[in-house]
Amino acid sequence: MTKQDETHRVMFTLTDQAIAKLDQLVAKKQQEVNQNPDLAKYHVRVTKSNIVEDWLSKREF
């Protein structure tokens with residue numbers, strides 16, 4: 001399974017409550033990125049997929 005397929009699978013199985021928490025995390029991380037002058041100049045956009053991909057990449061299988 002590719003990284004993108006795994007991300008889509010995880011996103012599809014999240015509950016509404018988990019998605020709401022993920023939305024809060026995205027907003028918080030985007031605010032942190034926007035306040036960091038080194039990152040803000042690159043117009044970095046944080047997404048739910050970015051967070052899930054990062055989480056999946058840190059998991060041990």
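Colleague: Leaving aside neighbours within four places in sequence, which residues is L14 in contact with?

Modeller: Once neighbours up to four places away are set aside, L14 is in contact with I19 and L22; contact means heavy atoms within 4.5 Å. This is a predicted model, in which local features need pLDDT of at least 70 and side-chain atom pairs count only at pLDDT 80 or more, while totals for chains, interfaces and linings use all residues. Residues are numbered from 1 along each chain as its sequence is written, and side-chain values use heavy atoms, leaving out hydrogens and water.

Colleague: Why is L14 called partly exposed?

Modeller: The relative accessibility of L14 is 26%. Buried means under 20% relative accessible area and exposed means over 50%, with partly exposed in between (1.4 Å probe, protein chains only). The value for L14 falls between those limits, and therefore L14 counts as partly exposed. L14 is placed in the loop between α1 (3-13) and α2 (16-35).

Colleague: Which helices does the chain have, and in what order do the elements run?

Modeller: The chain has four helices and zero strands, and from the N terminus the elements run α-α-α-α. Helices (H or I, at least four residues) and strands (E, at least two) are DSSP runs, numbered from the N terminus. Helix α3, for instance, comprises residues 37-40, and α4 comprises 48-58.

Colleague: What makes V10, L22, V26, V33, V46, I51, V52 and L56 a nonpolar core?

Modeller: A nonpolar core is a set of buried Ala, Val, Leu, Ile, Met, Phe, Trp, Tyr and Cys residues joined through side-chain atoms within 4.5 Å. These eight residues make up the largest such core. The elements that contribute two or more residues to this core are α2 and α4. V26, one of its members, touches V46, T47, K48 and I51 when residues up to four places away in sequence are not counted.

Colleague: Why are the buried residues of α1 said to lie on the same side of that helix?

Modeller: The buried residues of α1 are E6, T7 and V10. They cover an arc of only 100° around the axis, and so they lie on the same side of α1; the arc is that of the directions from the helix axis to the C-beta atoms. On the other side of α1, Q4 and F12 are exposed. The cover of the buried residues of α1 includes α4.

Colleague: Why is the pair K48 and D23 called a salt bridge?

Modeller: A salt bridge is a side-chain nitrogen of Lys or Arg within 4 Å of a carboxyl oxygen of Asp or Glu. The closest N and O atoms of K48 and D23 are 3.2 Å apart, which is within the limit, so the pair qualifies. This pair links distant parts of the chain, with K48 in helix α4 and D23 in helix α2, 25 residues apart. K48 is partly exposed at 29% relative accessibility, and D23 is partly exposed at 36%.

Colleague: How many salt bridges does the structure hold in total?

Modeller: The structure holds three. K29 pairs with E32, the closest N and O atoms being 3.6 Å apart; both lie in helix α2, three residues apart, about one turn of the helix. D54 pairs with K58 at 3.1 Å between the closest N and O atoms, and both of these lie in helix α4, four residues apart. D54 is partly exposed at 37%, whereas K58 counts as exposed at 61% relative accessibility.

Colleague: What makes L39, Y42 and V44 a patch?

Modeller: Patches are made of residues with over 30% relative accessible area and no salt bridge, where like charges are joined within 9 Å and nonpolar side chains (Val, Leu, Ile, Met, Phe, Trp, Tyr) within 5 Å. The relative accessible area of L39 is 34%, so this residue passes the 30% limit. L39, Y42 and V44 form a nonpolar patch on the surface, with about 280 Å² of accessible area together. Accessible areas come from the Shrake-Rupley method with a 1.4 Å probe; for residues, only the protein chains shown count as cover.

Colleague: Why is H43 called exposed, and what is its phi?

Modeller: The relative accessible area of H43 is 69%, and H43 is therefore exposed. Its phi is near 55°, a positive value in a residue other than glycine. Most residues other than glycine have a negative phi. H43 is found in the loop between α3 and α4.
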